[in-house]
Amino acid sequence: MQHIAVIGAGTMGNGIAHVFAQSGHKVNLIDLSDDALSKGMKTIEKNLDRMLAKEKITENDKTATLQNISTFTTLKDGVTNVDLVVEAASEDLNIKLNIFKELDAICDQKTILATNTSSISITQIAAVTNRPQKIIGMHFMNPVPIMQLVEIIRGYSTSDETTDQIMKLSTELGKTPTEVNDYPGFVANRILMPMINEAIETLYNGVAGVSEIDTVMKLGMAHPMGPLQLADFIGLDVCLSILNVMYDGFKKPKYAPCPLLVNMVMAKKLGVKSGEGFYDYSESRKAEKVSNQFL
């Protein structure tokens, strides 16, 4: 599996493209606009420069990684003759279903189609294709170049062969793949999102302030980042989407999003990507950014 296509040049997509390219794979990075692709490539180069400064890679490694990536604004051109497609578009069911319908129509039958979804059913995605045995979840963690885990999610019809190939490929990337079954939130977010939601509820109920809640979890539970800050980095809209998927799937009150989270998303206070969430990430506060070591 030498030739990989990655759909989406955002935070997750450019990170996935980065790790494949750095491991020697030829990568087609696909997005709707040249501007999005340009931003994605600048992020990859910036992250490579950080690795270079820390002497984790050489200048030749950086050059080779960037040369391994080609960019495309047309899906058909970007997925021609690839062995694997990894979809990393918005966490929206309809967007993903439309992408997979199109991929199934234009990709070779041997091509494995993977999604980086953090909560949406692999089985539901596979059902809109004629190759359900070749549909699988590859849930990378953010930031992709640093985090070791890849959740490998088997849909109802995902074959052993497909699973084995993706497990092996993930290991070759230097990651630790962990196989899980297809239920809302999988493992990572089924455990993580209720914790984040409860932290938001704790703030909403006036038990403590933002920094106090995060300090308790960092110093008391040895978490590297507090749950409210982590929510900002994930994106509050993404957190809300995942919680809604789990609430719809399980119909249990414990997965119902906190009203404060809902209101913040409606107000477009989405965290780091919007400049404000539970913390302020605006230009005027750059010198005071929280936990700068994670940026």
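These questions and answers walk through a predicted model of one protein.

Me: How many helices and strands does the secondary structure of the protein come to?
Reply: The model is a predicted one. Its secondary structure holds both kinds of element: twelve helices and eight strands.

Me: What radius of gyration does the protein have, and what does the globule rule give for 295 residues?
Reply: For 295 residues the globule rule gives 19 Å. The protein is close to that, so it is as compact as a globular protein of that length. Its radius of gyration is 19 Å.

Me: What percentage of the 295 residues is buried?
Reply: Buried here means under 20% relative accessible area. Among the 295 residues, the buried share is 46%.

Me: What share of the contacts with a separation of 6 or more comes from residues 24 or more positions apart?
Reply: Take the contacts in the protein with a separation of 6 or more. Residues 24 or more positions apart account for 66%.

Me: What part of the accessible surface belongs to carbon and sulfur atoms?
Reply: The accessible surface comes to about 14300 Å². Carbon and sulfur atoms hold a share of 52%.

Me: Where is Thr-162, and is it buried or exposed?
Reply: Thr-162 sits in helix α7, which runs over residues 160-172. Its relative accessibility is 1%. The cut-off for a buried residue is under 20%. Therefore Thr-162 counts as buried.

Me: Which backbone oxygen does the side chain of Thr-162 reach?
Reply: Thr-162 touches Ile-112, Gln-133, Lys-134 and Ile-136, leaving aside residues up to four places away in sequence. The C-alpha atoms of Thr-162 and Gln-133 are separated by 7.2 Å, though the two are 29 residues apart along the chain. At 2.9 Å, the side chain of Thr-162 reaches the backbone oxygen of Gln-133.

Me: Why do the buried residues of α7 line one face of the helix?
Reply: The buried residues are Thr-162, Thr-163, Ile-166, Leu-169 and Ser-170. Seen down the axis of α7, they line one face because they fall within an arc of 135 degrees.

Me: Which residues of α7 are exposed on the other side?
Reply: The buried residues of α7 pack against α1, β4, β5, β6, β7 and β8. On the other side of the helix, the exposed residues are Asp-160, Glu-161, Asp-164 and Lys-168.

Me: Which residue just after α7 takes a positive phi?
Reply: The phi in question is about 85 degrees. The residue that takes it is Gly-174.

Me: Which backbone oxygen does the side chain of Thr-158 reach?
Reply: Thr-158 is in the loop between β7 and α7. At 5% relative accessibility, Thr-158 counts as buried. Its contacts include Pro-132, Gln-133 and Thr-163. At 2.7 Å, its side chain reaches the backbone oxygen of Ile-135.

Me: Which helices do the buried residues of α11 pack against?
Reply: Helix α11 covers residues 236-250, and its end C-alpha atoms are 21 Å apart. Its buried residues include Leu-236, Cys-239, Met-246 and Phe-250. They pack against α8, α10 and α12.

Me: Is Lys-251 buried or exposed?
Reply: Lys-251 lies in the loop between α11 and α12. Its phi is near 55 degrees, a positive value in a residue other than glycine. At 61% relative accessibility, Lys-251 counts as exposed.

Me: What is the phi of Lys-268?
Reply: Lys-268 lies in the segment after α12. At 63% relative accessibility, Lys-268 counts as exposed. Although Lys-268 is not a glycine, its phi is positive, at about 60 degrees.

Conventions:
Residues numbered from 1 in each chain as written. Predicted model: local features only at pLDDT ≥ 70, side-chain atom pairs only at ≥ 80, totals over all residues. Heavy atoms only, no water. Helix = DSSP H or I, 4+ residues; strand = E, 2+ residues; numbered from the N terminus. Buried < 20%, exposed > 50% of the residue type's maximum accessible area, 1.4 Å probe, protein only. Contact = heavy atoms within 4.5 Å. Polar contact = N/O pair within 3.5 Å; in protein donor to acceptor, adjacent residues only side chain to side chain. Arc of directions from axis to C-beta. Rg over C-alpha atoms; globule rule 2.2 N^0.38 Å. Areas by Shrake-Rupley, 256 points an atom, 1.4 Å probe, with all protein chains shown as cover. Expected span 1.5 Å × (residues − 1).
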